[in-house]
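Welcome! Let us take a friendly walk through a protein structure, one region at a time. Keep the 3D view open and look up each residue as we come to it.

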Amino acid sequence: MENQTKILIIDDEEVVLDSCTQILKGSGHLIVTAADGTKGLLLLQEFHPDLVFVDLKMPGISGFEVLEKIHELDSTIVTVVITGFATVSSAVDAMKKGAYDFLPKPFTPDEFRLITRRSLERRRLVLEAISLRREKELLREQFASIVSHELKAPLGAVQQNLFALEFELLNVLNESQKEKVARLKTRIDEMLKMINSWLRVISVDINKLKESFTQIDITLPIRNALESNGQLATRKGITVETEFIPELPKVNGDALSLTEVFVNIIGNAIKYSPNRSNIHVKTERQADKILVSVKDNGVGISQQDLPHIFEGFYRGQSGISEAGHGIGLAVSRQIVDAHDGSITVNSEQGKGTTFVIILPVANMLMAN
Amino acid sequence: MTKKLLMIDDDPDFVEGIRSILTSADFEVDVAYNPKDGLHALQTKPYDLLLLDIMMGRGAEGIMIARKLRKDVKLRELPVLIITGMREQIAFLFPGEPVHPRFVEIDELVEKPVEPKLLLEKVNGLIQAAEAKKAGK
């Protein structure tokens, strides 16, 4: 009987144990009782209950201690405290420690049945939430692999053949034909970059990012991002000026995901800037923080759009249609957050936009 | 003398896009569409360079080939150009190692798709490095 719900009751009063068992008799639950905390905790390991009733006042280890041990062992187990003297404060303390509810003595069979039903419902919901989370995680991983194989691989093969075609026809194509090939290449390249960015979003678990942190020089991901956006900048005749202060202290971080942040921010700056304009990328140090700013002289962001730009799939109401996928900034913010940093934006429509990314200096972080 | 290359990749369309660039540049290219045929070719014919895909079949089967190469006294010297769909996957497969893992003594890594200029640069560079190494011995 794997699906039978299991209830453990820990109380030093035999009469309570007996009556509780009696009340729930015939309800289909498996009930086990223990006369003190030590025995109760011992039972817990082999019985794996769904619900535990714990008396707060018992000889030996206290009900509070039992509660703590239960939650340490398995935080999905629902606990209800039985309080001899219905002191609200001890019940509140117990609930602060994670108890789901409390049952003041003396109680009627109906009260006991009701609290049992509610608690078991709670347990069901807790377990359901966990399995849904797992399912979501699985779906995310599967989606990542589908995107990777079903979209990226074919597109990569198309692009590779286009490269080959252009290479072989180098001396055959006329100017207008070359332009067409260039357009094909550019659009496919943009599509591949977009898929890559989606893939990173889906496959990088931002919560787990911290596990791969190392001490890095922040100019490294910036330089990578500049290189990655180089083609786009050249095409629009945009000059990217850099001003990196030498011997900047390192930051604790993940170079790959930080590169993604700068690819997004610098890419946006280029995208939303007029041809032949300038973009300024600068690093600064302020006490225990490192500031990276990316300033453009582009179209700017309207006051109305500004509060929403870090939300996913938001592309602005400004009516400017430019290639974008609406998740870049949302992901960038999540990545920067995971680095204990912040990202802010200042913008004036028609004048330009400045993004500032602030990250804590590594050794300062470790001292904490 | 014409240099002989072996390409191991399970996507025939992608393979053609690489092969035609290399043959236009006067390389001779053999292709194996799965790791098994690839290993067989490596063991039976001499090659100047291996072009290796990582994600094949049910996963990172290219890694299996790289491991076998590393153990083989003779094949260890063969320069390898790793051509992979996603650089991050490499980092993921070798947690804690830098993005470019040294599979064998002489190798380089490029991402799919590969621009012809870059492809030829890497292929020539690797072959030269392997020859220089041999001459130095």
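## A pocket and what lines it

Helix H2 (35–44) and helix H5 (116–136) of chain B each give at least two residues to the lining of the second largest pocket. Keep in mind as you explore that this model is predicted. Which helix supplies the largest share of the lining of this pocket? That share, five residues, comes from H5(B).

The second largest pocket holds about 500 Å³ of space. It is lined by 23 residues, and those closest to its centre are Tyr47(B), Lys74(B), Glu77(B), Leu78(B) and Lys134(B). Sorted by class, the lining has 12 charged, nine nonpolar and two polar residues. How can empty space be found in a model at all? Rolling a probe the size of a water molecule over the atoms shows where empty space is left.

Which of its residues are buried? They are Pro116(B), Leu119(B), Leu120(B), Val123(B), Leu126(B), Ile127(B) and Ala130(B). If you look down the axis of H5(B), these buried residues fall within an arc of 140°, so they line one face of the helix.

There is a simple rule behind this kind of pattern. An α-helix has 3.6 residues a turn, so residues three or four places apart point the same way. Now turn to the face of H5(B) that points away from its buried side: there you will find the exposed residues Lys117(B), Gln128(B), Ala132(B), Ala135(B) and Gly136(B).

## Chain B as a whole

Stepping back, chain B contains five helices and five strands. Along the sequence they follow the pattern β-α-β-α-β-α-β-α-β-α.

How much of chain B is buried? Of its 137 residues, 47% count as buried. Contacts tell another part of the story: among those in chain B between residues at least 6 apart in sequence, 71% join residues at least 24 apart.

## Two cis peptide bonds

In chain A, the peptide bond from Lys105(A) to Pro106(A) is cis, with omega near -10°. Pro106(A) sits in the loop between strand S5 (101–104) and helix H5 (109–168) of chain A.

In chain B, a cis peptide bond joins Lys112(B) and Pro113(B), where omega is about -15°. You can find Pro113(B) in the loop between strand S5 (107–111) and H5 of chain B.

Glu247(A) has a relative accessible area of 81%; because exposed means over 50%, it counts as exposed.

Asp340(A) is not a glycine either, and its phi is positive at about 60°. Its place is the loop between helix H10 (328–338) and strand S11 (342–348) of chain A. With a relative accessible area of 45%, Asp340(A) is partly exposed.

## Strand and helix residues in chain A

Leaving out residues up to four places away in sequence, Ser293(A) touches His280(A), Val281(A), Lys282(A), Thr354(A), Phe355(A) and Val356(A).

Ile358(A) belongs to strand S12 (residues 352–360) of chain A. Apart from neighbours within four places in sequence, Ile358(A) is in contact with Lys289(A), Ile290(A), Leu291(A), Val336(A), Gly341(A) and Ser342(A).

Ala153(A) counts as partly exposed, at 34% relative accessibility. The C-alpha atoms of Ala153(A) and Leu192(A) are separated by 9.5 Å, and these two residues are 39 residues apart along the chain.

Note on methods: Residues numbered from 1 in each chain as written. Chains lettered and ligands numbered in written order. Predicted model: local features only at pLDDT ≥ 70, side-chain atom pairs only at ≥ 80, totals over all residues. Heavy atoms only, no water. 1 Å grid on protein atoms, 1.4 Å probe; cavity = no way out; pocket = protein on both sides within 12 Å on 5 of 7 lines; lining within 4 Å. Points joined across faces, edges and corners; volume = space filled by probe spheres on them. Helix = DSSP H or I, 4+ residues; strand = E, 2+ residues; numbered from the N terminus. Nonpolar A, V, L, I, M, F, W, Y, C, P; charged D, E, K, R; others polar. Contact = heavy atoms within 4.5 Å. Buried < 20%, exposed > 50% of the residue type's maximum accessible area, 1.4 Å probe, protein only. Arc of directions from axis to C-beta.
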